[in-house]
Amino acid sequence: MKDVRAVAPKADTGVRRKGAAVLELLGRGAAGFALILLILYLSLATPSFLDVNNFLNIARQSSINAILAVGQTLVILAAGIDLSIGSVMALAGSVMAVAVVKYGVPLLPAVVLALLTGVVAGFLNGYVISKGRVPDFIVTLGGLSAYKGLALIVTDGLPISGIPSVIAWLGSGDILGIPVAAIGAAIVAAIGWFLLAHTTFGRAVLAMGGNQEAARVSGINLVRTKLLVYCFAGLCAGIASIFMVGRLNSANALMGTGLELSAIAAVVIGGTNLFGGEGSIGGTILGVVTMGVLANGLDLLNISAFWQQVVLGLVIVAVVVFDQWRRRRWGM
């Protein structure tokens, strides 16, 4: 009897370890598996899916979401969330367009103005969150409305057209057949990856997201780290605004509506823990591509835009439910 009790826990521990390993693999590779299945299905269901131009179109369409999602990844890894980045993007793009079209500001200073607008908006978010100790959700939800309102004020609620051709080229042009916006997104992703994997700042972000109290005790400046995270997210929104204005060949205050949710969805589908401390830029890019392929496939299958929103919402909920279940079940 004594021997039986000694053997049973070992077997149970072994099963749990193997189950945890399988679920850990599934959790980390969920986006990859989903992407492979999507590509296989769409290749059979729609002959035009495998066309090179279609893949370039997916890359162009996913670029802005990728840039926003890189910033959102750092915010979520730090156990925060930014619901305002879509509005920040609209505000930054509106400021740039108004500066160029209405006030004749040269293009380069106007672009810098867009980037600064994003950084300042991110700084304000981070400052209120860290100094005021207000939950990220509340502050950025307020920012979503406030920055959109500022964009409406800046543009008088009207589209701003007459954008310089250089900006239009950034949004819709290509270099050697590759969309410029996709190249820009790749550069932003590389910067985000470098910051996260090879800098003290990146290690502080992961530590803060994993356990804030432990990070504080180990000497990490939580306020400064939070400020930098939101400033980086704001900078990403500023960069995305330039490509968005170029794609639309105009600017308007509503051009960022809903993009904050798309960025969060890409981060979650890419395997980043919604509660911080675990995830990667590579996973986020995989999530962006999966969402882009899904949206493209639904278009090719002539699924209405309304049903596409339903499908996207169900995918997000399914991924989060699975992720939370495996963490509770196997203590990950």
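Is E213 buried, partly exposed or exposed? E213 is partly exposed, with a relative accessible area of 44%; here buried means under 20% relative accessible area, exposed over 50%, and partly exposed in between, using a 1.4 Å probe and protein chains only.

A quick word on the model: it is predicted, so local features need pLDDT of at least 70 and side-chain atom pairs count only at pLDDT 80 or more, while totals for chains, interfaces and linings use all residues. Residues are numbered from 1 along each chain as its sequence is written, and side-chain values use heavy atoms, with hydrogens and water left out.

Searching the whole structure turns up three salt bridges, each meaning a side-chain nitrogen of Lys or Arg within 4 Å of a carboxyl oxygen of Asp or Glu.

| Salt bridge | N to O distance |
|---|---|
| K102 and D156 | 3.6 Å |
| D136 and K226 | 3.4 Å |
| R216 and E213 | 2.5 Å |

Let's start with R216 and E213. Both sit in helix 9 (residues 212–217), three residues apart, or about one turn of the helix. Helices are DSSP runs of H or I, at least four residues long, numbered from the N terminus. R216 comes out as partly exposed at 46% relative accessibility.

Next, the salt bridge between D136 and K226. D136 is in helix 5 and K226 in helix 10 (residues 222–248), so this pair ties together parts 90 residues apart in sequence. Both residues, D136 and K226, are buried.

Finally, K102 pairs with D156 in a salt bridge. K102 is in the loop between helix 3 (85–101) and helix 4 (107–132), and D156 is in the loop between helix 5 (136–155) and helix 6 (165–172), 54 residues apart. K102 is partly exposed at 45%, whereas D156 is exposed at 56%.

Methods
Helix = DSSP H or I, 4+ residues; strand = E, 2+ residues; numbered from the N terminus.
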